[in-house]
Each structure stands twice: as C-alpha cells, then as structure tokens.
Amino acid sequence: MSEIELSGLEKRYGDELAVEDVSVTIEDGELLCLLGPSGSGKSTTLRMIAGLTSPTDGTVRIGEDDVTERPAYDRTTATVFQDWALFPHKTVLENVAFGLRMQSTSTDERRERAREMLDRVEMAEHADDNPTNLSGGQKQRVALARSLAVNPDVLLLDEPLSNLDKRLREDMQIELREIHEDLEKTFVHVTHDQDEAFTLADRIGIMADGELVQVGDPHEVYENPKNRFIEGFLGDTNFLAGEVARTTAESVVVETELGQEMILPSDGDDALAVGESLTLSLRPEVLTIGESPVANDADPETATVADGGTTNEIVGTVENAIYRGSTVRYSVAIENSSVFVERTVADSGAFDAGDDIRIRWNGADVLAFREDGTRVDL
Amino acid sequence: MSGNSNATASGAIERLWKPLVARSRSKRALLLMAPLVIFELLIFVAPFLILLRISVSEAGERGTAYAEGTWSADAYANVLTSEVPREVIVHSFTIGLIATAIAVAVGLLYAYAIWRADGFTKSLLLFSVVLPLLTTLVVKTYAFRPLLSPTGTLNSLLESVGLLSTPLEIVPGLAGAIVGQVYIVLPYAVLAIYSVLATMDWQLVEAARDLGASRPRSVLEVVVPQAMPGIIVATVISFAWSVGSYAAPFLLGDDVTFAMRVEGQILRDFQWPTATALSVVMIAAMLVVISALVAVLSRFGGEVEYA
C-alpha cells in the first residue's frame with residue numbers, strides 16, 4: 001500500500017506562508033498532478049512528501065506510516081528533480097546504481113538492475129558516459145532511471161520536463177504515462193503546464209497562493225472549476241464584468257460590459273441579488289462564429305437575439321486576426337470591450353480586420369463568478 | 001573630467017590592443033604572458049640557478065660563505081648522510097603532514113558550514129575566516145605563547161576549574177608548533193574549499209539523501225568528490241607552507257625545522273653550500289610528496305580542472 005495522505009500540511013518561512021493547510025489523499029497507484037503557477041507552493045508540497053522540507057504543521061502519511069518526522073533517506077519515495085541533479089563525478093551507470101548502493105545491494109545485483117533501468121529508458125548505450133555530456137532529454141531519462149532503480153513506493157516528479165523543448169516534452173509525457181501504467185506505483189507530478197497536467201494526470205490538484213484549491217479529474221476541474229482563478233489558469237477565456245439585472249425562476253439576466261443583457265439558465269439554487277457584480281467566463285470553444293447577418297437591425301453592433309431563452313448572440317467588428325498554427329484567433333470589438341474567438345484553420349469562412357462577425361453561444365455554457373472569485377452555482 | 005580620462009584610457013587601451021589583435025593567436029598569448037615570464041625569470045629562476053650553483057660549491061674559508069668557482073658534492077653528501085639534517089627534514093615533514101591533515105579536515109567542515117549557512121551567519125563565518133589575515137603572521141602566532149604556555153591562560157583556566165593538576169606542555173612543543181601553523185594556513189584552506197563548494201548545487205546532496213544516503217554518507221559521496229579540486233588546492237597550499245614553516249615552530253615549537261636551519265646556516269654559520277643543498281633536497285622531496293598527494297586525492301574526486 002502506498003496511499004499518501006496529507007493532512008493540514010503547512011510550511012512557513014518566517015512570516016511567509018508557502019503552503020497552507022493542504023489536505024488530500026492520493027490513492028495507491030494514482031498519478032496526481034499538482035498544477036499551479038510558480039510560487040504557488042506545489043514544489044514545497046512535493047518536497048514535504050519527499051522529506052526534503054519539513055512541514056511547520058500537519059502530517060504526511062505514506063501507506064500505513066506517519067512519515068512526517070522521517071528524513072528523506074528513510075522514506076520509500078524517490079524524486080526526479082527539475083534540473084535532474086545527476087552526480088557529475090559518477091558515470092551514468094553509477095548514478096543509476098547509487099540508490100541501490102546506499103541499500104547495500106551487492107555489486108553484481110545493482111549493476112544488473114541499473115542496466116535494466118537504463119534499458120527501460122533507452123539509455124543503455126550511455127551507461128559509461130559522464131552525465132554532464134548528455135543532452136537534456138537524456139539526463140531526464142537517466143534521472144528517471146535512477147529514481148526508479150530503488151523501486152520506490154512513490155515517485156515524485158518536480159517539473160522534470162520543464163527544461164525540455166516542446167516536442168521532447170510531449171514525447172516524455174507519453175512515456176511517463178506508459179511507465180506509470182506499467183509500474184502501478186503512486187506518482188505525484190508537479191507542473192505549471194496545464195497541457196502536461198491534462199496529458200498525464202488521473203487527477204489534478206490545483207494550487208494557488210499555497211493552498212490546494214481544487215482536486216479532481218482533468219475533465220471535472222476544467223468543466224467545473226471551483227473559482228475564477230482556476231477558470232483563468234486552465235486555458236484561455238474571456239472574462240466579462242457584469243451586474244445582475246433581474247432574476248426569474250429559470251434564468252438570471254446579467255447586464256454585461258458588452259452593452260447588452262446576457263441570459264444564463266438557472267435553477268435558482270444560488271441566491272443572487274439584483275445589482276450584484278459578477279464575472280462571466282466565455283471560453284472560446286463555446287462561442288460559435290459566423291458572418292454577420294445583413295444589417296437589417298437598427299444597430300447591428302449591439303443586436304441581440306434571445307430566442308428559446310438561453311441562446312445569446314452578439315455582433316462585433318474584427319479588430320485583428322492572429323494566426324496560431326492550427327487555429328486563428330480573432331479579437332472582436334464589441335462596445336468598449338473586446339472578446340476573442342477562435343476558428344480552426346480547416347473551417348471555412350475567414351475574417352479580416354474590419355469585418356463584422358456574429359458570435360453565438362448557449363447561456364448554459366457560461367460560468368459566473370462572484371466578486372470574491374467564488375463560483376456561482378447557477 | 002571623468003569622461004575625458006575615460007576617453008584617454010580607452011584610447012590608450014585601443015592603441016595597445018590593436019597591434020595585439022593583429023598577431024596570430026599563439027604570439028598574442030606569448031605577448032600577454034611576457035610580463036609574468038620576465039618576472040618569474042628574474043625573481044625565481046635566476047636566484048634558483050644561483051642557489052643551485054652554490055650548493056655544488058666547496059665550503060668557504062673562514063669568514064666566507066662559500067668558495068667561489070669551485071665544484072663539490074660534499075654539501076649533498078653531508079645533508080643526506082649526517083644525522084642532524086635528516087632529523088630536521090623528518091621534523092619539517094611531520095609538522096607539514098599533521099598541520100595539513102588538520103587544516104584540510106577543519107577547513108572542509110568550516111567551508112561546508114559557510115556553504116550551508118545563509119544571511120548574517122554566512123557573512124559572520126566568512127568574515128571570521130578573513131579576519132586573521134588582516135593581522136601580521138608574527139603577531140598572531142606570538143599571541144599563542146601567553147595563551148598556551150605552561151603558565152598561560154589555558155592552563156591556569158583548566159587548573160582553576162580543577163581539570164588539570166600539572167600544566168599541559170603545549171608551548172613550546174610540537175603541539176604548539178602545529179596549532180600555530182594550522183592557524184596560519186586554515187583561512188587559505190577554508191577559502192580554497194569554499195570557493196569550489198559555492199558553485200555546487202545543494203540539490204545533488206538532496207538527491208543523494210532522497211536515494212537513501214544518510215547525512216554523513218551524502219556528504220562523503222557527493223560533497224567531498226565535488227569539493228576535491230578545492231581540497232587539493234587546500235592540501236598543496238597547507239603542505240608546502242607548513243613544511244617550510246618558520247614562524248610557528250620558531251615561536252611555539254621546541255625543535256628546528258628546515259627553514260630555521262637554513263636561516264641559521266646562511267646568516268649565522270656561513271655554511272651556504274650545506275644550506276642550499278638542504279633547500280634543493282627539500283624542494284625535490286616536497287615535489288615528490290605533493291605529486292603523490294594530488295595523485296591520491298584525484299582518485300577520490302571528479303577531474304581536477306587545472307584551468
């Protein structure tokens with residue numbers, strides 16, 4: 001059993017709170033990604049699991065044992081560091097065999113096991129090389145082999161891919177995923193890259209300002225973020241300021257900075273007062289775009305069609321188009337504000353700056369957040 | 001004003017630099033080295049050749065240091081066969097080896113402490129190392145006499161506490177000479193090792209601990225090999241200085257080191273051939289011992305970059 005339970009974990013440096021009240025249970029064999037911007041406390045949390053940093057409060061349990069007071073060398077965890085931390089005066093093979101030597105494994109056995117690990121990460125031919133002469137990707141593989149060689153219950157990965165170029169990083173993500181599936185060990189992976197977290201994780205734990213804000217499977221945290229920070233951190237979105245204009249039994253009508261009302265379906269679970277300030281999130285993937293209808297309305301710039309209750313539509317002017325490879329991103333001016341929308345390159349109908357564009361979305365796809373950042377349960 | 005002088009300075013540099021750049025690479029290197037080469041030739045090589053020449057001269061008549069223009073191997077025979085020079089050599093090497101071992105061991109621990117400390121503690125530790133360098137060697141060595149002599153501060157303190165009934169004979173003695181010599185070379189040992197440790201990544205130690213190395217083991221496995229270039233420099237400095245030590249054994253010791261004997265033979269006894277022969281033998285012996293030490297130490301650590 002190598003379930004990890006963190007409860008009330010806290011790390012304080014003087015007056016500064018690096019990690020605050022982190023509690024989570026990481027299941028046996030799970031791959032949990034700790035995702036957050038730099039300085040969010042994710043690496044510190046990982047280091048407390050490894051025993052490299054001692055918490056100022058709270059406990060760490062691995063399997064059946066409370067290991068809070070145990071030093072790193074006495075824990076069944078192994079860490080892959082961001083800069084890989086390979087021993088420069090030892091060969092690749094000696095690096096991989098190091099942990100086994102510390103366990104007093106016999107020379108033959110540890111050589112054999114180290115070679116086996118190097119084989120697994122396809123680095124066998126570099127066994128006698130000096131690690132300082134390896135490329136970043138190769139160092140990363142050696143570091144992984146070195147950590148796996150001691151057969152740890154828990155593998156901790158501290159942004160090990162962040163120093164690799166994009167292509168290599170994506171290959172290694174797939175490889176890590178495969179290794180995880182093979183070994184059926186508990187992995188905790190720290191990253192600031194949401195794509196990496198989505199690729200790898202069974203569950204994602206999002207950290208901000210030292211707190212673990214939300215833990216859930218990738219789908220859940222993306223579709224159902226707990227607060228505005230997470231919505232903004234996971235991918236790009238349009239945040240619009242608005243105010244509750246009126247509420248009905250099945251909808252909330254919000255007056256937005258786009259100069260028009262927006263209808264959000266609601267079952268009225270969460271009481272909203274008229275006049276309350278909200279932030280609405282419109283992800284580009286919920287916005288469908290099309291050519292502006294013939295200008296038959298009095299004012300096409302702000303025309304709204306609210307048919308069937310929750311479909312919203314707005315017309316604006318394309319300010320600029322940014323080619324982003326597989327997609328084109330348009331910045332659209334509406335009133336005094338602007339919204340960005342995306343179109344995949346394969347889709348027909350390109351727009352140029354100055355064109356009118358019609359944006360349509362379902363009010364049910366819009367997320368609303370209160371002023372303090374908490375999500376409104378519509 | 002300052003702009004003007006800057007302009008002249010950079011103009012001067014340019015005037016000097018341009019013809020230098022025009023030279024081929026090897027010639028440029030030679031030109032850049034020239035001042036040092038000339039300095040070494042004048043200050044080291046030429047006197048050493050004179051010293052070599054004197055060492056193979058006959059002893060002088062009464063009142064002269066050596067017989068000019070004569071050739072003789074008597075001085076070397078004397079150094080290698082008679083009792084006293086051999087004792088002097090053994091004594092010098094004893095001080096050298098013990099002082100070096102202590103200075104390097106303590107230096108490593110101290111450098112490690114500086115490396116691990118931060119903020120005020122780090123500055124304090126570093127400052128404490130540099131501070132003794134600001135006092136002249138003779139004064140700080142002499143200060144050990146009232147401190148360590150049989151009637152000195154340490155002994156009276158220990159006696160008053162009741163830990164001692166008869167005073168410790170530290171000064172004058174071998175122990176006193178070694179204490180004084182370690183105190184002289186320790187700052188250099190610390191700084192040599194610390195300069196290497198400062199560039200080392202603490203994460204390497206963490207990686208070792210993470211893989212199951214205990215604290216002492218992780219230092220032995222990771223820090224020592226990484227610090228080896230600094231340890232080698234510290235060893236060479238401490239050893240060369242301590243074998244040739246003069247002030248500490250003179251003020252705190254009770255036996256004659258090679259430096260003291262050479263001084264006596266040259267200034268008092270007027271035996272220049274024996275004094276210079278002893279010096280040449282010592283230089284050769286030290287070169288052999290230092291090469292052996294470096295060879296042994298290099299085995300334990302990463303490659304030494306002689307850059």
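Reader: What does Ser218(B) touch, leaving aside its neighbours within four places in sequence?

Author: In this predicted model, Ser218(B) is in contact (heavy atoms within 4.5 Å) with Val205(B), Ala208(B), Arg209(B), Ala213(B) and Val223(B), once neighbours within four places in sequence are left aside.

Reader: Is Ser218(B) buried or exposed?

Author: Ser218(B) counts as buried, because its relative accessibility is 0%. Buried means under 20% relative accessible area, exposed means over 50%, and partly exposed is in between, with a 1.4 Å probe and protein chains only.

Reader: Which helix is Ser218(B) in?

Author: Ser218(B) is found in α11 of chain B. Helices here are DSSP runs of H or I with at least four residues, strands are E runs of at least two, and both are numbered from the N terminus.

Reader: Before we go on, what are the ground rules for numbering and confidence?

Author: Residues are numbered from 1 along each chain as its sequence is written, while chains are lettered from A and ligands numbered from 1 in the order in which they are written. The model is predicted, local features need pLDDT of at least 70, side-chain atom pairs count only at pLDDT 80 or more, totals for chains, interfaces and linings use all residues, and side-chain values use heavy atoms, with hydrogens and water left out.

Reader: Ok. Now α10(B): how many of its residues are buried?

Author: 8 of the 9 residues of α10(B) are buried, so this helix is largely enclosed by the rest of the structure. The buried ones are Gln203(B), Leu204(B), Val205(B), Glu206(B), Ala207(B), Ala208(B), Arg209(B) and Asp210(B).

Reader: What covers them?

Author: Parts of both chains. The cover includes α1 (42-50), β6 (77-80), α2 (92-102) and α4 (136-149) of chain A, together with α4 (83-116) and α11 of chain B.

Reader: And what follows α10(B)?

Author: Gly212(B) follows α10(B), and its phi is positive, near 105°.

Reader: Switching to the interface. How many residues of each chain are in contact?

Author: 19 residues of chain B are in contact with 24 residues of chain A. Gln203(B), Asp210(B) and Leu211(B) supply 36% of the area that chain B buries against chain A, more than any other three residues.

Reader: How much area do the two chains bury?

Author: About 1900 Å² between them, 59% of it on carbon and sulfur atoms. Buried area is the accessible area (1.4 Å probe) that two parts lose on being put together, summed over both.

Reader: How many polar contacts cross it?

Author: There are 6 residue pairs in polar contact across the interface, both residues at pLDDT 80 or more. A polar contact is a pair of N or O atoms within 3.5 Å; within protein, one must be able to donate a hydrogen and the other to accept it, and residues adjacent in sequence count only if both atoms are side-chain atoms.

Reader: Which elements of chain B give two or more residues to that side?

Author: α10 (202-210) and α11 (215-243) of chain B. The largest share, 7 residues, comes from α10(B).

Reader: Which residues are linked in a network of salt bridges?

Author: Lys90(A), Arg101(A), Arg217(B) and Glu221(B). Glu221(B) meets Lys90(A) at 3.2 Å, N to O, and meets Arg101(A) at 2.6 Å, N to O. The pair of Glu221(B) and Arg101(A) crosses between chains, from α11 of chain B to α2 of chain A.

Reader: What does Lys42(A) form a salt bridge with?

Author: With Glu159(A), the closest N and O atoms being 3.4 Å apart. Lys42(A) lies in α1 of chain A and Glu159(A) in the loop between β7 (154-158) and α5 (166-183) of chain A, so the pair ties together parts that are 117 residues apart in sequence. Both residues are buried.

Note on methods
A salt bridge is a side-chain nitrogen of Lys or Arg within 4 Å of a carboxyl oxygen of Asp or Glu.
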